[in-house]
Amino acid sequence: MACLLETPIRMSVLSEVTASSRHYVDRLFDPDPQKVLQGVIDMKNAVIGNNKQKANLIVLGAVPRLLYLLQQETSSTELKTECAVVLGSLAMGTENNVKSLLDCHIIPALLQGLLSPDLKFIEACLRCLRTIFTSPVTPEELLYTGPDHQTILFNHGAVQNIAHLLTSLSYKVRMQALKCFSVLAFENPQVSMTLVNVLVDGELLPQIFVKMLQRDKPIEMQLTSAKCLTYMCRAGAIRTDDSCIVLKTLPCLVRMCSKERLLEERVEGAETLAYLIEPDVELQRIASITDHLIAMLADYFKYPSSVSAITDIKRLDHDLKHAHELRQAAFKLYASLGANDEDIRKKIIETENMMDRIVTGLSESSVKVRLAAVRCLHSLSRSVQQLRTSFQDHAVWKPLMKVLQNAPDEILVVASSMLCNLLLEFSPSKEPILESGAVELLCGLTQSENPALRVNGIWALMNMAFQAEQKIKADILRSLSTEQLFRLLSDSDLNVLMKTLGLLRNLLSTRPHIDKIMSTHGKQIMQAVTLILEGEHNIEVKEQTLCILANIADGTTAKELIMTNDDILQKIKYYMGHSHVKLQLAAMFCISNLIWNEEEGSQERQDKLRDMGIVDILHKLSQSPDSNLCDKAKTALQQYLA
């Protein structure tokens with residue numbers, strides 16, 4: 001009998017809860033505004049700490065009605081505020097609750113609420129927004145954090161309205177104003193240029209920021225002020241050699257990297273410093289000799305401390321949590337420090353176990369640490385000396401190839417850039433990389449939808465083909481396919497097109513290779529060359545294409561593909577008379593290779609080109625004011641006289 005009674009009891013309880021929830025929702029539609037307000041207040045009390053009640057109210061349609069009341073001009077401010085509080089409480093429930101709120105377009109409604117003059121209502125909207133945006137199910141792009149948002153704030157007078165808050169007696173207010181300026185200035189030249197001229201009580205904003213980063217100020221204030229000045233500098237509003245950057249901001253950020261600072265502060269300090277010095281070699285040199293920074297960063301890899309030595313569980317959790325952030329920050333800063341200067345790269349690599357640490361970083365579980373480690377290696381790989389020594393000693397190419405097999409695009413872009421350096425002809429890593437299947441991998445990258453990956457794929461193949469053996473060139477052409485080569489030659493990205501032309505030029509070098517490749521792919525290559533010379537392309541593209549023709553003209557049998565193609569010959573003639581010297585010179589190289597009289601068939605080629613009027617053009621060019629062009633024309637004319 002007990003079993004028979006179980007079901008009706010459960011149904012009774014469920015219907016009771018549903019009826020209770022329905023009662024709360026029904027009250028939201030009462031024609032009496034006062035009863036609606038009381039209904040919302042009762043609902044607020046009912047949902048606190050009760051996830052089941054929250055779920056029921058959402059299912060019964062409370063959210064659209066609450067949002068309607070929140071946005072109605074006829075609603076009292078008190079009612080709007082209570083609605084925002086209830087919505088915030090619903091958002092504190094499960095992730096499904098948050099999804100339901102997002103589906104009802106809660107964010108635009110709450111953002112609109114921020115325009116209200118009532119502080120309590122604004123605070124309720126902000127609390128709800130914060131709860132929603134701290135949920136992992138909320139996409140960040142729902143809140144504009146880029147230039148659009150900055151511009152909206154800027155156009156609505158944010159700079160002028162916030163500036164005076166920097167002199168507030170309240171530390172919290174000053175900090176929030178400072179943080180707001182750091183967000184507004186980030187990668188935004190328009191805002192940054194305005195900020196440098198803003199006066200607050202007769203003092204320019206940069207001067208106020210400098211005062212706020214002095215040693216006697218709270219660390220949070222020092223760091224945020226340094227960020228403001230860093231972002232303004234990177235946006236071009238403050239010169240990199242300005243004393244406020246060199247003597248104030250940079251030393252402050254280096255201080256933040258010291259052992260005495262909290263782990264979070266060390267992370268933020270290193271990352272901001274990395275961003276500040278990234279494009280400027282002089283700042284990199286200054287930073288590298290400030291407070292033994294390079295050695296100081298080595299400590300970033302010593303977390304977490306030995307687990308057995310730590311008895312404080314909270315301390316251990318803290319260390320573990322920040323260990324990957326510290327490594328990421330150190331790698332980023334090392335990458336910026338070593339971006340341009342050979343001596344700095346040498347110091348970084350000579351730091352204790354540095355290469356081992358970077359190689360280990362390539363296989364970290366954290367994507368951010370892996371990306372930072374690859375960036376660091378990429379920066380160091382710009383050194384010819386290190387490619388020949390440290391990179392070879394640690395067989396860096398092995399973990400790099402592993403990274404390239406399966407990684408997010410952001411890591412692939414940097415890793416493939418680094419591979420371009422490892423494939424330069426003087427790199428000892430070039431041969432083992434080739435043997436490990438790099439050709440197929442790189443040809444695969446050229447088919448990526450990401451233009452940066454297409455560029456790097458073709459760039460690496462171009463480096464691989466430079467002065468390579470015939471077999472490697474054949475492998476590249478076979479794996480790439482002429483169809484893909486054509487696609488790359490018609491790519492909308494100029495960098496892809498230029499690197500593809502560079503690859504063709506490297507493939508078509510040394511006579512036996514030129515003749516071999518043109519005997520199998522000549523028709524397609526000549527077709528591609530014709531299309532580019534006829535197309536709407538810039539000077540550099542056409543120059544590179546004419547250089548490819550000059551290489552073909554240097555072949556023994558391949559040059560006949562030009563001589564039997566009147567269309568191509570007319571194009572070469574046209575570019576000899578072009579207004580741009582670069583194109584004239586490139587066309588001249590084609591002619592010189594075709595008429596060189598020490599080669600078989602030169603007389604017939606000279607005669608055909610004379611009949612086309614090439615000799616007349618050479619006479620004109622021998623009078624050119626450009627000495628290089630003049631000399632080339634005279635040398636070519638001598639071939640006719642010999």
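Author: Helices (H or I, at least four residues) and strands (E, at least two) are DSSP runs, numbered from the N terminus. This is a predicted model, where local features need pLDDT of at least 70, side-chain atom pairs count only at pLDDT 80 or more, and totals for chains, interfaces and linings use all residues. Residues are numbered from 1 along each chain as its sequence is written, and side-chain values use heavy atoms, with hydrogens and water left out.

Reader: Is Glu187 buried or exposed?

Author: Buried means under 20% relative accessible area, exposed over 50%, and partly exposed in between (1.4 Å probe, protein chains only). Glu187 has 52% relative accessibility, so it counts as exposed. Asp201 has a positive phi too, near 50°. Asp201 sits in the loop between strand 1 (199–200) and strand 2 (203–204), and counts as exposed at 71% relative accessibility.

Reader: Now salt bridges. How many does the count come to?

Author: The rule asks for a side-chain nitrogen of Lys or Arg within 4 Å of a carboxyl oxygen of Asp or Glu. By that rule the count comes to 33 salt bridges. Take Glu220 and Lys179, whose side chains meet at 3.2 Å, N to O. Glu220 lies in helix 14 (residues 219–234) and Lys179 in helix 11, so this pair ties together parts 41 residues apart in sequence. Glu220 is partly exposed at 35%, and Lys179 is partly exposed at 32%.

Reader: Which residues are linked in a network of salt bridges?

Author: That would be Lys259, Asp299, Lys302, Glu352 and Arg357.

Reader: Last one, helix packing. At what angle do the axes of helix 30 and helix 33 cross?

Author: Two packed helices are described by the angle between their axes and the distance between the axes. Axes are lines fitted to C-alpha atoms, for helices over the stretch in contact, and angles run from 0 to 180 degrees between N-to-C directions. Helix 30 (residues 470–480) and helix 33 (residues 511–534) have axes that come within 11 Å and cross at roughly 25°.

Reader: And which residues meet there?

Author: Contact means heavy atoms within 4.5 Å. On the helix 30 side you have Gln470, Lys473 and Leu477, meeting His513, Lys516, Ile517 and His521 in helix 33.
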